[in-house]
Amino acid sequence: MASAMLAIRDLTVNYGRSVQALRGVSLEVAPGTVTAVLGANGAGKTTLLRAISGTLGFHRGTVDGGTITYGDQQLSGLQPPAVVARGVVQVPEGRRIFGRLTVDENLRAGGLGAASRSGAAATRERILELFPVLAERHKQRAGLLSGGEQQMLAIGRALMAAPKVLLLDEPTLGLAPMMAERIGETIAAINEQGTSVLLIEQNAALALRLATNAYVLEVGSVALSGTSAELSASDEVRRRYLGVGETDEGGPLHREDRPKLTRWAG
Amino acid sequence: MTKFIELVVNGLSVGSVYALIALGFVIIFKATEVVNFAHASLLLVGGYITAVFHDDIGFLPALAAGMLTAAVVGMLVEFLVLRRGRTSDHGVLAIVTIGVDILLTTELVRRIGTDVLDLGDPWGSQSVTFAGITIPQTRIAALLVATVLITAFLLAFRYTTWGVAMRAAAEDSETASLMGIKLSRVSLGAWAVAGALAAVAALFLTVFPTPGLDRNTSLVALKAFPAAILGGLDSTTGALVGGLIVGLTESLATGYQDQLHFLGHGLSGVAPYVVMVLILLARPAGLFGTRELTRV
Ligand SMILES: Nc1ncnc2c1ncn2[C@@H]1O[C@H](COP(=O)(O)OP(=O)(O)OP(=O)(O)O)[C@@H](O)[C@H]1O
Ligand SMILES: [Mg+2]
């Protein structure tokens, strides 16, 4: 089953009456690609995913303009389970695994909204192959897993719904570099199997490496967009998101300015 | 010693009935975060239907009809009254359930009038005597039926799709909906199960040695509130333990009234509440709960 285009046009989202979180955002996730969204804290990245998944209501947010379509289907206005049933599934910010449920039960919960339950066992097998640590710990309470393992579980749980488009909200947040790398490889592997990915990341280097196209959100609007190669080369992105400075201003400290690190003698 | 054992068995039996009520109360709270003050009236609905129909259709079908009606009324309360308020204040919703309770109870009390209704149970007032201990059959039936129902519920809660959806939604409703779990269905299911369990409890609250179902039955059902609260409002284990504690306390306080006379008259009536307050002083979230009552 080929996936279709996820398209967002002129999306405007407000929280309550006073906070405008997105103003006329347009963005596309082409079938079979990884698309990255970068942006500072509070830029509206999570809000974008909430709008797609239909969970703004949990935060008193509303879509006040624009459209969200997947193929020829309208997603805006749908309840979250209806969005999942159409193949668009989110891994929320902060993992949000069900800590009191076991690893197995978390995966089971992830499969409850799948368009069809047939093949659930095979899907589960594939996920456990992708994340062997989940197989080792399948009977444990999910709350006991480490941060990285929890992120794997969160991704695995979403894969149980057999998504055509996977929405990932800062999957490497708070993870050690090695683990972040590992998650990055997994995202590439998932994408290779045909799932389109909308990847939200603060780790711009990782995101631009994985993605074909990327967008930069700033205070609720798209400030920059283009192919990953174009964005990686742009001065602004290099300076603000990749931490590579051409000037001293705003860039990282020069090597000689850095305080010397000394190892604590045991 | 004989007396003590009889009192304990009695207490466990009554306690298991309280546990049925408290369990329903707790699953509604887990699924919707609403404290359901209309629970006693659901119980009264179930008991009333059983009482009205047992003559014509027989005891078991009448009991099934009572369970079904209480389940449907529970779902209607959820659907018609609470659904719109999903995102609004849970405290307000709890107060709304008080209104529902008053409406339902008033109507039922009007219908029952001053009658004492028989629910048509097959046990009557017979007792079983074993090794010198005499226990009414109804108390044994209550203990067995409650045990079977509670076990079935716990197994379903743990192993079925419904149970997984229910627990996921109780832990994090937004994320559960991101998994495609339909929260409205989870909450309807909770109200239905709670109603059905309450109808069974109605039967066992009104069989021998109680004369039958009357306008005060819903007051008796209120004793399940301290059971749910002392166990922890969001804990199914808590509901079971709480039910048994209240049942035992009540039974022993009644049985040893004379010896406990120095504590004042009518101790058995207030004993469950005294125990509840003592437990809450030590553990504000209840024995097994994670949420303190002040947050409700
Ligand atoms: N529930 C809410 N109520 C009111 N305002 C909100 C709410 N959630 C987010 N906002 C506001 O909307 C804007 C965008 O927030 P959002 O969480 O989408 O940002 P983000 O890009 O995901 O940030 P971060 O990188 O910190 O996760 C911010 O100004 C934020 O304060
Ligand atoms: Mg965010």
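Predicted model: local features only at pLDDT ≥ 70, side-chain atom pairs only at ≥ 80, totals over all residues.

**Metal site.** Select the magnesium ion (ligand 2) and display the side chains around it. The ion is coordinated by OG1 of A:Thr46 and by OE atoms of A:Glu93, at 1.9 to 2.8 Å. A:Thr46 belongs to helix H1 (residues 45–53) of chain A, while A:Glu93 sits in the loop between strand S6 (88–91) and helix H3 (103–111), so the pair ties together parts that are 47 residues apart in sequence. Colour the two residues by accessibility: A:Thr46 is buried, at 17% relative accessible area, whereas A:Glu93 is partly exposed, at 31%.

**Helix contact between chains.** Next, select H3(A) together with helix H6 (residues 161–171) of chain B. Their axes come within 10 Å and cross at roughly 95°; the two helices are therefore roughly perpendicular. On the H3(A) side, the contact is made by A:Glu105, A:Arg108 and A:Ala109. H6(B) contributes B:Thr161, B:Val164, B:Arg167 and B:Ala168.

An unreviewed UniProt entry lists transmembrane regions in chain B, including residues 92–113, 140–157 and 188–208. Select residues 92–113 of chain B: the span is 95% helix, and its end C-alpha atoms lie 31 Å apart. Residues 140–157 of chain B are 100% helix, with end C-alpha atoms 25 Å apart.

Finally, select helix H8 (residues 183–206) of chain B. Its 24 residues reach 35 Å from first to last C-alpha, close to the expected 34 Å. H8(B) is mostly covered, with 20 of the 24 residues buried.

Notes. Residues numbered from 1 in each chain as written. Chains lettered and ligands numbered in written order. Heavy atoms only, no water. UniProt positions renumbered as here; feature names shortened; annotations may be inferred. Helix = DSSP H or I, 4+ residues; strand = E, 2+ residues; numbered from the N terminus. Donors = N, O, S within 2.8 Å, 3.2 Å for Na, K, Ca; no water. Buried < 20%, exposed > 50% of the residue type's maximum accessible area, 1.4 Å probe, protein only. Expected span 1.5 Å × (residues − 1). Axes fitted to C-alpha atoms, helices over the stretch in contact; angles between N-to-C directions. Parallel < 35°, antiparallel > 145°, perpendicular 65-115°, else oblique. Contact = heavy atoms within 4.5 Å.
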